[in-house]
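Subject: Structure for you to look at

Hello,

Here is the structure I promised to pass on. Please open it first, then read my notes below.

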Amino acid sequence: MDTSFITINTHSSIRLETRRGTVIYVDPYGFETSPHDADMILITHTHFDHFSPEDIARVRMPHTVFVLPATAMLTFIDAGFTAEDAAFLVPYEHAMPLPGIEIETVPAYNLNKPFHPEDEAWMGYVVEIDDLRVYVAGDTDDLPENHDVACDVALVPVGGTYTMDAREAAAFVNVLKPAVAIPEHYGTVAGSADDGKVFAEFVDPGIEVVLKL
């Protein structure tokens, strides 16, 4: 599968571009340039490496639409953004923030770590674009309730410490069975530069692993 429409800037800063040129960012972070090309920005949660007002300013445009967890509303407003520009959602919701771009929200939390509590209702996203379902997991462990997420492409954290590690993420992906799996959230803030390769070793042969970091 051609995954050239997916870019990882760094860490878990993900960019998707549709065939019509609509640009969607998830957790923009670590930008050294200012492309100002975001039609929509999805935020998974409010940690500094996922909700970065400075990096949002580098990619946003006047018409940019935001989607965030409902629990992030005050943080979003306190950072100087306008609530009218955003949709505040909880897990298991469906929305169409832009014409032709459907999203589904998915739980993202830790099972046995304190960093991402379940009661924060932070999220991953399934984005439906160009007849594909792209799952961006957010900062999460391997949650049983996410085993039935239907997706063609899965972007999953593999760096450990705050999320699944590489082997755990591979086991999760092997349950999901997407056509393509892309590891992220490793090599900078968390994990090592080799985590993507470790992940690839444990993913089932029928799933294509694409390394973008």
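By class, the lining of the largest pocket has four nonpolar, three polar and three charged residues. Here Ala, Val, Leu, Ile, Met, Phe, Trp, Tyr, Cys and Pro count as nonpolar, Asp, Glu, Lys and Arg as charged, and the others, Gly among them, as polar.

Some ground rules. This is a predicted model, where local features need pLDDT of at least 70 and side-chain atom pairs count only at pLDDT 80 or more, while totals for chains, interfaces and linings use all residues. Residues are numbered from 1 along each chain as its sequence is written, and side-chain values use heavy atoms, with hydrogens and water left out.

**Pocket and cavity**

The largest pocket has a volume of about 200 Å³. Its lining includes Thr18, Arg20, Asp39, Leu98 and Asp130. There is also one cavity of 30 Å³ or more. The largest cavity has a volume of about 50 Å³. Among its lining residues are Ser12, Asp27, His50, Glu184 and His185. That lining divides into four nonpolar, five polar and three charged residues.

On terms: on a 1 Å grid over the protein atoms alone, a cavity is a set of points where a 1.4 Å probe fits but cannot get out; a pocket is an open set with protein on both sides within 12 Å along at least five of seven lines; lining residues have an atom within 4 Å of a point. Points are joined across faces, edges and corners, and a volume is the space filled by probe spheres set on them.

**Helix H4**

Helices (H or I, at least four residues) and strands (E, at least two) are DSSP runs, numbered from the N terminus. In H4 (residues 195–202), Asp195, Gly196 and Phe199 are buried (under 20% relative accessible area; exposed is over 50%, partly exposed in between; 1.4 Å probe, protein chains only). They lie on the same side of H4 because they cover an arc of only 100° around the axis, taken from the directions from the helix axis to the C-beta atoms. Lys197 and Glu201, on the other side, are exposed. The buried residues pack against S11, H3, S12 and S13 (contact: heavy atoms within 4.5 Å).

**Strands**

Seven of the ten residues of S5 (60–69) are buried. S4 (38–42) runs parallel to S5, joined by four bridges; strands pair if DSSP finds at least two bridges between them. Isoleucine 41 has phenylalanine 66 in S5 as its bridge partner.

Serine 13 lies in S2 (13–17). Serine 13 counts as buried because its relative accessibility is 1%.

Best wishes
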